[in-house]
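Hi,

Here is the structure I promised to send over. Have a look at it first, and then read on for what I found.

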Amino acid sequence: AGRLEGKVAFISGGASGLGEAQAKLYAAEGASVTIGDIQQDKGAQVVAAIEAAGGTAQFVELDVSSPESWANAVAANTSAYGKLTTLVNNAGIFHPGGIVDETLEGWQKMIAINQTGVFLGMKTASAALLASGNASIVNISSLFGLIGSPGAISYHASKAAVRVMGKAGALEFAKRGIRVNTIFPGQIKTPILADITPEQDAAIKAAIPMGDTGDPIDIAYASLYLASDEAKYVSGAEIWVDGGWYA
Ligand code: NAD
């Protein structure tokens, strides 16, 4: 049997990158998966790939910054699968911008998606997760939620908030059947890095002790563990998957 047999997982941002890798691995390990994303076409492709491999998945439209959108998406998961055991708050955006250059508009967009999106996800899904009695939440923060760097002020702020929301959530739900854990990816090869210059890419690789960026599956394996019953005593944990960057 798969490591997630009997689980029902909602994965935000599951149409691309780390979310896609998690959706495919979760489904391969026996979970029924709902992918919530703004990218309908790419989401449908991921669902088709999961089904072709014998797994169970559906796509629902989701804008994580909207409470109405979250309510509809969680309801669509329940009507398809009857329960929710696992929430992966993975959707996120990145854009550069230091304290001098970042606009208020850019700041607010980053906070709305990366920070408010995680709060709304946990809030909206909490009733169904509590009802399942054996649930977990996996939040995707970033190494940049732990350390600073010049030129990405709003991203750092949003991801640090995700870190502390995970700790607060772990304590709020500790006696109520929901574990809450956080993954901190270093630099992983996904479309989110599309705008990085070759020089920036080389500088990042030089900064990583293991000498290279990671693959989406590296994040998916950490997420799989946290979502599985193997992690039944693990809550409030922080797992860095970063080639030794934070060591
Ligand atoms: P990605 O761009 O490949 O995937 C992000 C997904 O989120 C996309 O499918 C996108 O459509 C979706 N999304 C964006 N805005 C949304 C919204 N408002 N509502 C719903 N979905 C939305 O990027 P990725 O690298 O896979 O990123 C996944 C997560 O991992 C993000 O939270 C990102 O900050 C985090 N992360 C990535 C890296 C990395 O190096 N790739 C490093 C640290 C953290």
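Predicted model: local features only at pLDDT ≥ 70, side-chain atom pairs only at ≥ 80, totals over all residues.

Leu62 sits in the loop between strand E3 (56-61) and helix H3 (67-81). Leaving aside residues up to four places away in sequence, Leu62 touches Ser12, Gly36, Asp37, Ile38, Ser69, Trp70 and Ala73. Ile217, by contrast, is 155 residues from Leu62 in sequence, and their C-alpha atoms are 23 Å apart.

Now the overall picture. The protein chain has seven helices and seven strands, and from the N terminus the order is β-α-β-α-β-α-β-α-β-α-β-α-α-β. The radius of gyration is 17 Å, close to the 18 Å that the globule rule gives for 247 residues, so the chain is as compact as a globular protein of that length. Along the principal axes, the C-alpha atoms fill a box of roughly 50 × 35 × 35 Å. Of the 247 residues, 45% count as buried. As for contacts with a separation of 6 or more, 75% join residues 24 or more positions apart.

On to the core. The largest nonpolar core has 61 residues, and Ala9, Ala23, Tyr26, Val33 and Ile35 have the most contacts inside it. Helix H4 (residues 104-132) gives the largest share of this core, eight residues. Val33 touches Ala9, Ile11, Ala23, Tyr26, Ala27, Ile50, Thr56 and Ala57, again not counting residues up to four places away in sequence. In general, nonpolar side chains tend to be buried together in soluble globular proteins.

In H1, eleven of the twelve residues are buried: Gly17, Leu18, Gly19, Glu20, Ala21, Gln22, Ala23, Lys24, Leu25, Tyr26 and Ala27. That list includes Glu20 and Lys24. The end C-alpha atoms of H1 are 17 Å apart, which agrees with the 16 Å that twelve residues should span at 1.5 Å a residue. After H1 comes Gly30, with a positive phi near 105°.

Helix H7 (residues 216-227) also has its numbers in order: its twelve residues reach 16 Å from first C-alpha to last, close to the 16 Å expected at 1.5 Å a residue. Its buried residues are Ile219, Ala220, Ala222, Ser223, Leu224, Leu226 and Ala227. Among the elements that cover them are H1 and the strands E1 (8-12), E4 (86-89), E5 (135-140), E6 (178-185) and E7 (238-241).

The loop between H7 and E7 holds Tyr233. Tyr233 counts as exposed, because it has 7 C-beta neighbours inside 10 Å and the cut-off is 12 or fewer.

Last, the ligand. Which residues come nearest to it? Of the 29 residues around the ligand, these are Gly13, Ser16, Gly17, Gly92 and Thr190. Helix H1 (residues 17-28) provides the largest share of the shell, three residues. By type, the shell divides into 15 nonpolar, twelve polar and two charged residues.

Over to you!

Conventions: Residues numbered from 1 in each chain as written. Near = placed C-beta within 6 Å. Helix = DSSP H or I, 4+ residues; strand = E, 2+ residues; numbered from the N terminus. Nonpolar A, V, L, I, M, F, W, Y, C, P; charged D, E, K, R; others polar. Core = buried A, V, L, I, M, F, W, Y, C linked by C-beta atoms within 7 Å. Buried ≥ 20, exposed ≤ 12 C-beta atoms within 10 Å, placed from the backbone. Contact = placed C-beta atoms within 7 Å. Rg over C-alpha atoms; globule rule 2.2 N^0.38 Å. Expected span 1.5 Å × (residues − 1).
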